[in-house]
Amino acid sequence: MLQKRKARLAKRKELDSLQSEVMGLRTDLDELYARFDMLTDPTQMDACIYEMNALMSKYDYAVKCLKAFDGTA
């Protein structure tokens, strides 16, 4: 009985961690989009676009993991 409870708590912690990661990445992306809107230098725009692409990939992967976790929970 205690092992089942520990397993449920561990799953809950993992789910909370995944949700927290997704929310953090979404916040980072929102801030990056806001910064991008204020840029005028083409070089800085390029750098910001690369950063957006990297963050978007991380975000997509985190969402995919979260969906997979929810599907098995």
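This is a predicted model: local features need pLDDT of at least 70, side-chain atom pairs count only at pLDDT 80 or more; totals for chains, interfaces and linings use all residues.
In helix α1, the buried residues are Leu15, Leu18, Val22, Leu25, Leu29 and Leu32.

**The overall form**

The protein has two helices and zero strands. Its radius of gyration is 17 Å, well over the 11 Å that the globule rule gives for 73 residues, so the protein is more spread out than a compact globule. Helix α1 has 37 residues and reaches 54 Å from its first C-alpha to its last, close to the 54 Å expected at 1.5 Å a residue.

Now for the surface. The protein exposes about 5900 Å², and carbon and sulfur atoms supply 58% of that area. Buried residues make up 19% of the 73 residues.

In soluble globular proteins, nonpolar side chains tend to be buried together. Here, the largest nonpolar core holds 14 residues, and those touching the most other members are Val22, Leu25, Leu32, Cys48, Leu55, Tyr59 and Leu66. Both α1 (2–38) and α2 (42–72) supply at least two residues of this core, with α2 giving the most, at seven residues.

Which residues does leucine 66 contact, leaving aside its neighbours within four places in sequence? They are Leu15, Leu18, Gln19 and Val22. Across the protein, among contacts between residues at least 6 apart in sequence, 61% join residues at least 24 apart.

| Residue | Relative accessible area | Class |
|---|---|---|
| Alanine 47 | 45% | partly exposed |
| Cysteine 48 | 3% | buried |
| Cysteine 65 | 23% | partly exposed |

Is cysteine 48 buried or exposed? Cysteine 48 counts as buried because its relative accessibility of 3% falls under the 20% cut-off. Cysteine 65, at 23%, is partly exposed.

A disulfide is a covalent bond between the sulfur atoms of two cysteines. How many disulfides does the model have? The count comes to zero.

Alanine 47 lies in helix α2. Its C-alpha atom is separated by 16 Å from that of aspartate 30, a residue 17 places away along the chain.

Methods: Residues are numbered from 1 along each chain as its sequence is written. Side-chain values use heavy atoms; hydrogens and water are left out. A nonpolar core is a set of buried Ala, Val, Leu, Ile, Met, Phe, Trp, Tyr and Cys residues joined through side-chain atoms within 4.5 Å. Buried means under 20% relative accessible area, exposed over 50%, partly exposed in between (1.4 Å probe, protein chains only). Helices (H or I, at least four residues) and strands (E, at least two) are DSSP runs, numbered from the N terminus. Contact means heavy atoms within 4.5 Å. The expected span of a helix is 1.5 Å times one less than its number of residues. The radius of gyration is taken over C-alpha atoms; the globule rule is 2.2 Å times the number of residues to the power 0.38. Accessible areas come from the Shrake-Rupley method with a 1.4 Å probe; for residues, only the protein chains shown count as cover. A disulfide is a pair of cysteine sulfur atoms within 2.5 Å.
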